[in-house]
Amino acid sequence: MCGIVGYIGRRDVAPLLLEGLQRLEYRGYDSAGIIVTGPKAPGLKMIKAKGRVRELQARIPKRFAGTTGIAHTRWATHGAPSDANAHPHQDAEGKVAVVHNGIIDNASELRAKLVADGVEFLSETDTEVLAHLIGRSEAPTLEERVQAALRIVEGTYGIAVLHADFPDRIVAARNGSPVVLGIGEKEMFIASDVAALVAHTRQIVTLDDGEMATLKADDFRTYTIEGTRTTAEPTTVEWAAESYDMGGHDTYMHKEVFEQADAVDRVLRGRIDDRFSTVRLGGLNLDAREARGVRRVKILGCGTSYHAGLIGAQLIEELARIPADAEPASEFRYRDPVVDPDTLYVAVSQSGETYDVLAAVQELKRKGARVLGVVNVVGSAIAREADGGVYVHAGPEVCVVSTKCFTNTTVAFALLALHLGRIRDLSVSDGRRIIEGLRRLPAQISEILDQEDAIRKLALEYAGAKSMMFIGRVRGYPVAREASLKLKEVSYIHAEAYPASELKHGPLALIEPALPTVAIVPDDDLLEKNRAALEEIKARDGRILAVAHQEQEKADHTIVVPKNEDELDPILMGIPLQLLAYHTALAMGRDIDKPRNLAKSVTVE
């Protein structure tokens, strides 16, 4: 969840590391630190600070030279945010430095043994255990010392290690937390996210679980924790450094909301097959005979990806007529699920590194299941583990709160549903109808975003609420869930989503003028049922904001969105509520791109 940056080469390392940390600020963190060394500056020099990267930068003295270094932004798991708990962590002699993403499960046991041996700890972190284990090893090479330590730790990690006695190298390792190498010209980089690398190189190597790497200025090699050499071929990152800039917007969230029309056009590009009224998804690695053998689809994701999966499950049922459902991956992997050979499992993750989803994929693969990935990051762990999948091509998403990636994921599910449907029983005319609807999406998204001024004024009306209710029915319910999450994440207003059909079974007790309700009211075969729910709320003096295809008489305010095909309407109906959440948070003075307590990529349990 936190960020790692490292460099070895000829350049002054501190500015490079600080720049990398700034590019990783979106991941969420509470403290930062940096440690450097080099042939003209022997030994390790370290600066750490609670707070933002700017606080760390302010502490760095003018003479802080070095050509090798590692740096880190920490999101607290063991110990409160503080200078002492910030990474890097060192051994007793100050020769070893470690930065670490993940959690060491047996840290307490190892810490107790080290304390009994006379080791004095300076922090409350699990990471410091690693530093002491490496420092106490007497193996002849740094690689062997790191390997010896990793063989006795349990848990997840992405680490980078420096040692004063081996100033010509950085050693890295991965198990469940991303580590990416950047390959330069007589210089090498390491990071937990390509965002920290693309300003300097687009040639990358992504480590697999159980894999390690040694970086020197002019070379790198990869190998397993047991020492067996592995073959790692660099790949080219498709995103340039400019993709991570704000592009004239005040926040990344605002930029990314307004990139959605282009992003949706990107996920559709080259995939529509007009001849057969279907789509081409070659990356599925699923031929027509295998697709026809699928008897059920199970979608797994967390947070926003789970909500996209709920929409995806409905699309698959409606278009392909295959039973489908979505479930939080964090629950699925712990309930000893029955893995059916006729079920197609779909793992959804923006980063492709979400730990709960990745662990579910690995368990499914162990049990022989067929797993597809729906991810945004090419070459990510889930993309590599899955049998096939669909890239959503949303482009880099920097804001912690997901917007364009959610929308593109729902469109990707529409493509998958159409593909499966046309292989099965979806008619040519219905296939053509859905394709025409998909093509209309970018222009309709732009039409919705043109209402920003009106939505900003509505946000001011509702920003004073202490809590809000979001309701929808069937197609509208996943939209309500995602909109509720968006408001919670970015504004910190409590919000609850409920099926509109369930109001009479309890939630009506909450309705009063102080609790506004946001109602998703698509113009489909349930329109009158949804209007009846508005009547129930209005009869109890509830305030209503409707998102609908036409003005709703019982609503206090209506955001009118353009009509598409019934099956595709949910893709559009959440977009104005992204803007509502954004402007509500803006009116309340929230840190929109970095909401409190949250991180962009959740790579720990």
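Q: Which residue in β11 is the bridge partner of L181?
A: V205 is the partner of L181 in β11. This is a predicted model, so read the pairing as computed from it.

Q: How many bridges join β9 to β11, and do they run parallel or antiparallel?
A: Three bridges join strand β9 to strand β11, residues 203-206, and the two run antiparallel.

Q: What about β9 and β10, how many bridges there?
A: Four, and β9 pairs with β10 (residues 188-191) in the antiparallel sense. In that pairing, V180 stands opposite A191 of β10.

Q: Which way do the residues of β9 point?
A: V180 and G182 point one way from β9, and L181 and I183 point the other way. All four are buried. In a regular strand, side chains alternate between the two faces of the sheet.

Q: Which residue in the hairpin of β9 and β10 takes a positive phi?
A: K186, with phi near 60 degrees. The hairpin has four residues between its strands.

Q: Where else is there a positive phi in a residue that is not a glycine?
A: N285 is one, with phi of about 55 degrees, and its place is in the loop between β17 and α8. Another is N597, with phi near 70 degrees, in the segment after α19.

Q: Is N597 buried or exposed?
A: Exposed, with a relative accessible area of 62%.

Q: Which peptide bond is cis?
A: The one from H87 to P88, with omega near 5 degrees. P88 sits in the loop between β4 and β5.

Q: Switching to the open sheet. What is the strand order?
A: The order is β19-β18-β20-β21-β22, five strands with parallel pairing.

Q: Which strands stand at the edges?
A: β19 (324-328) and β22 (388-391). Each has a single partner strand, so one side of each is left without a neighbour in the sheet.

Q: How much are neighbouring strands turned against each other?
A: By 20 degrees on average, direction ignored.

Q: Inside that sheet, how many bridges join β20 to β21?
A: Six, between residues 343-349 of β20 and residues 370-375 of β21. One of the pairs is S349 with V375 of β21.

Q: Which strands does α9 lie across?
A: α9 lies across β18, β19 and β20, and runs at about 170 degrees to β19.

Q: And α13, which strands does that one lie across?
A: Helix α13, residues 404-423, lies across β18, β20, β21 and β22. Its angle to β20 is about 160 degrees.

Q: Back to α9. At what angle does α9 pack with α16?
A: About 170 degrees, with the axes 9 Å apart. That makes α9 roughly antiparallel to α16.

Q: Which residues make the contact?
A: From α9, T304, Y306, H307, L310, I311 and Q314. From α16, P478, V479, R481, E482, L485 and K486. By class, the contact has six nonpolar, three polar and three charged residues.

Q: In the largest nonpolar core, which residues touch the most other members?
A: I34, I316 and L438, out of 124 residues in that core. Helix α13 gives the most to this core, with 12 residues.

Q: What is I316 in contact with, leaving aside its neighbours within four places in sequence?
A: V297, I299, R321, I322, A324, F413, L416 and A417. Apart from this core lies another one, of 27 residues, including V96, I104, V171 and M212.

Q: How many residues of α5 are buried?
A: Seven of the nine, so α5 (residues 142-150) is largely enclosed by the rest of the structure. The buried residues are L142, E143, R145, V146, Q147, A149 and L150.

Q: What do those buried residues of α5 pack against?
A: They pack against α4, β7, β8, β12 and β13.

Q: Last one. Where does R275 lie?
A: In the loop between β16 and β17. R275 is exposed, with a relative accessible area of 71%.

Q: How far apart are R275 and D356?
A: They are 81 residues apart in sequence and 40 Å apart in space, C-alpha to C-alpha.

Notes:
Residues are numbered from 1 along each chain as its sequence is written. This is a predicted model: local features need pLDDT of at least 70, side-chain atom pairs count only at pLDDT 80 or more; totals for chains, interfaces and linings use all residues. Side-chain values use heavy atoms; hydrogens and water are left out. Axes are lines fitted to C-alpha atoms, for helices over the stretch in contact, and angles run from 0 to 180 degrees between N-to-C directions. Angles under 35 degrees count as roughly parallel, over 145 as roughly antiparallel, 65 to 115 as roughly perpendicular and the rest as oblique. Contact means heavy atoms within 4.5 Å. Ala, Val, Leu, Ile, Met, Phe, Trp, Tyr, Cys and Pro count as nonpolar, Asp, Glu, Lys and Arg as charged, and the others, Gly among them, as polar. Two strands pair if DSSP finds at least two bridges between them. A nonpolar core is a set of buried Ala, Val, Leu, Ile, Met, Phe, Trp, Tyr and Cys residues joined through side-chain atoms within 4.5 Å. Buried means under 20% relative accessible area, exposed over 50%, partly exposed in between (1.4 Å probe, protein chains only).
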